[in-house]
Amino acid sequence: MNRTVLYIVFWWCVSAGCLKAEDGSRLWFRAEMTAQAQVKANRESPAISVAVEELEKRWKGGAVHLSLHQNKKLRNLGKEGYVISGEKQTGIHIQSASDLGLLYGAYHLLRLQDTQNDNGALQVEESPAYDLRLLNHWDNLDGTVERGYAGYSIWKWDELPEKISPRYKEYARANASIGINGTVLNNVNASPGILTGNYLRKVKVIADILRPYGIKVYLSVNFSSPQILGGLSGSDPLDTGVRRWWRDKIGEIYRLIPDFGGVLVKANSEGQPGPQDYDRTHADGANMLADALKPYGGIVMWRAFVYHPGDEDRAKQAYQEFIPLDGKFRDNVILQVKNGPIDFQPREPFSPLFGGMKNTALMPELQITQEYLGFSNHLVFLAPQWKEFFESDTYCNGKGATVAKTTDGTIFPHPVSAIAGVANIGEDINWCGHHFAQANWYAFGRLAWNCELTADEIAEEWLRMAFTRDQAFVTPVKEMMLHSWDAAVNYMMPLGLHHIFAWDHHYGPEPWCDIPGARPDWLPRYYHNAGEKGIGFDRTTGGSDAVSQYHAPLKEYFNDIATCPEDLLLWFHHLPWDHPMKNGRTLWDELCYRYDTGVRQVREFQKIWDRMERYIDGERFRHVQSRLKIQSRDAVWWKDACLLYFQTYSGKPIPYDIERPVHELDDLKKVKLDLKHHH
Ligand code: BDP
């Protein structure tokens, strides 16, 4: 063959998809885009065009009819619900009362095609659990990402509004395919700059790209913006000048972005400004913004992540601060509450605000990015963690009042229900740093749509789309995913231990960490309280009494050593090293076994993975393989660091049948990783 022919063959191959790089850039859209389906829609709209285009390219069955029309059944499914009926070969009908429902229906149909072996006759009816399903980007305007482990931000602020990265559209598509319908573009530690005209014009361009995919844009705002940007003397929420400034600013936003979703606010938290700077309450601050947004249908998501240094148990403070304000918020304010009372720890009980605040809308905030779970180095599938959270019974309304039911509108109907996940997305070619971290983005969307899906179902779907349908691969790898959270909890912080991370970057273990002058509630010692007598945080009625923030009978369960779940034992109790566990071991021995189990679980994941080489592409195989090696080494590091350190207090031997430490405690104490917030 001469060079021209070679060249032609090469390009034919590329365009036919024979040489697709398996770099993870295609997320869960790896099925070929070569279909030529017949798709008809009874109406036109940008969202319907997207639906038609997706189906035309990817649907490999008979004709698909999209019809937007109103009848009682469709209206009951809400503006994003849909019905799918028909058979793959003979033809499919997707119906909805809105164009977005048709878009979601189209993605549902394609997901069935990509994941199921036999579609048979279809009869699907769907509507989402939460009205607003949002990603929160902790992306800064300088391109860095707070707690981001997949490179710089995907938002190219320097290039906008002129230059448009192709990733924006891919991002929109990926999110729409899993039902995400909103995104907060910037960090909760918000730069006031986002509200300048210059940045708002950039935001508008992103909003225009996301709109056909049903995704609304929201912004984090800095409470001091009137002062910093507007030159006012302060930002007191009851000051008329301040209120006018916000009204004007919000008006300016809506002139550019008529469907702007609203704002997210971190106020009087970790040094951020807020209404308390002016002796006003969180309600005063939130309501001021709510009033400015109300005429346009916008909302305020006000974060409840607040705590101050002092004598009070950090785990109790958000509840103490917000419960007295229950019922004082406007109906377009939603309190955004992290799943646990402290801060995205490997395992926490649910925040007692869920089921505690009965007259205020609450939205859960989950962390998709793995700030406290090994960054993008560790394979940790988070759906099991989130399921445990959703299914936790708050007992606020008798038995069965799960966190999900207290927030999705079932128990407390509010004008809107919502949920947010802190994104793990960056400009890395595979989007999330670790190929398996994509599964957490995917799982967040799927659970926000339907929190009754099981972790198993979600892992199965994702594996089939992202890798292969071969069960010889899917079954063992799914098992690995489903146990990965448990493994991480075991090798990092078993039995209810929490926040014993290295200072600031939160990657490795530093249970000994002591920084003179540092806030005590930022130091591990505050949380583990290890000493000769024992270990754990006494939050019982005899201790900080955090248990009393939970409804009966839960507070009694947590309060009583006999009924407190062992997985949360040291969260609620300070216990002697020889405290007898349910299996007959002493607490010290059990702690050792848990750490050891975590290490062995990861070693097992390596064995599972290495057997998978022949089922998938070499590129992703090797990438994951090498990350699992890091995870194994880190697990041993965690185990040795924690056990050797705690041993200095327990004075007891590490049970002789488990692997011996391979590090010296003194060496581990010297480890200082140079990890910046954002990398
Ligand atoms: C903590 C993070 C910090 C965030 C904060 C928050 O370490 O970077 O700003 O949460 O959620 O987990 O506001």
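Q438, A439, Y442, A443, R446 and L447 of helix α13 meet I458, E461, W462 and M465 of helix α14. By type, the residues of this contact split into seven nonpolar, one polar and two charged. Keep in mind that you're looking at a predicted model. Helix α13 covers residues 438-449 and helix α14 covers residues 455-466, and their axes come within 10 Å while crossing at roughly 130°. That angle makes α13 oblique to α14. As for handedness, the crossing of α13 and α14 is right-handed.

Now for another helix pair. Two packed helices are described by the angle between their axes and the distance between the axes. Helix α15 (residues 471-492) packs with helix α19 (residues 587-610) at an angle of about 155°, and the axes are 8 Å apart. Angles over 145 degrees count as roughly antiparallel, so α15 is roughly antiparallel to α19. The crossing of α15 and α19 is left-handed. On the α15 side, the residues taking part are F473, P476, V477, M480, H483, S484, D486, A487, N490, Y491 and M492. They meet R594, Y595, T597, G598, V599, Q601, V602, F605, I608 and W609 from α19. Sorted by type, the contact of α15 with α19 holds 13 nonpolar residues, six polar and two charged.

Here are the two pairs in one place:

| Helix pair | Angle between axes | Axis distance |
|---|---|---|
| α13 (residues 438-449) and α14 (residues 455-466) | roughly 130° | within 10 Å |
| α15 (residues 471-492) and α19 (residues 587-610) | about 155° | 8 Å |

In soluble globular proteins, nonpolar side chains tend to be buried together. In this model the largest nonpolar core has 221 residues, and the members touching the most other members are W302, F436, W441, W609 and F646. Helix α20 (residues 618-650) supplies the largest share of this core, 13 residues. W609 has already come up, as one of the α19 residues in the contact with α15. What does F646 touch, leaving aside its neighbours within four places in sequence? The partners of F646 are L497, I500, P511, H528, A530, I535, W577, W588, L591 and Y595.

W571 sits in helix α18 (residues 569-572). With a relative accessible area of 1%, W571 falls under the 20% cut-off and so is buried. Setting aside neighbours within four places in sequence, W571 is in contact with P341, I342, R347, E348, P349, L495, G496, H498, F537 and R539. H498 is 73 residues away from W571 along the chain, yet their C-alpha atoms are separated by 7.3 Å.

Then there's R167, which belongs to helix α5. R167 has a relative accessible area of 16%, so this residue also counts as buried. Beyond neighbours within four places in sequence, R167 is in contact with S25, I154, G426, E427, D428, I429, N430 and W431.

Most residues other than glycine have a negative phi, and most peptide bonds are trans. W431 isn't a glycine, but its phi is positive, about 75°. You'll find W431 in the loop between β13 (418-422) and α13. Is W431 buried or exposed? At 2% relative accessibility, W431 counts as buried.

D504 is another residue other than glycine with a positive phi, near 75°. D504 lies in the loop between α15 and α16, and counts as partly exposed at 36% relative accessibility. A502 is in the loop between α15 and α16 (524-528) as well. A502 is buried, with 4% relative accessible area. Aside from neighbours within four places in sequence, A502 is in contact with G508, P509 and E510. From A502 to P309 the C-alpha distance is 19 Å, and the two are 193 residues apart in sequence.

Finally, a look at cis peptide bonds. Where is P161, which is joined to L160 by a cis peptide bond with omega of about 0°? P161 lies in the loop between β6 (132-136) and α5 (167-177). Another cis peptide bond, also with omega of about 0°, joins A552 and P553. P553 lies in the loop between α16 and α17 (554-559).

Terms used. Residues numbered from 1 in each chain as written. Predicted model: local features only at pLDDT ≥ 70, side-chain atom pairs only at ≥ 80, totals over all residues. Heavy atoms only, no water. Core = buried A, V, L, I, M, F, W, Y, C linked by side-chain atoms within 4.5 Å. Buried < 20%, exposed > 50% of the residue type's maximum accessible area, 1.4 Å probe, protein only. Helix = DSSP H or I, 4+ residues; strand = E, 2+ residues; numbered from the N terminus. Contact = heavy atoms within 4.5 Å. Axes fitted to C-alpha atoms, helices over the stretch in contact; angles between N-to-C directions. Parallel < 35°, antiparallel > 145°, perpendicular 65-115°, else oblique. Left-handed = near helix turned anticlockwise from the far one by under 90°. Nonpolar A, V, L, I, M, F, W, Y, C, P; charged D, E, K, R; others polar.
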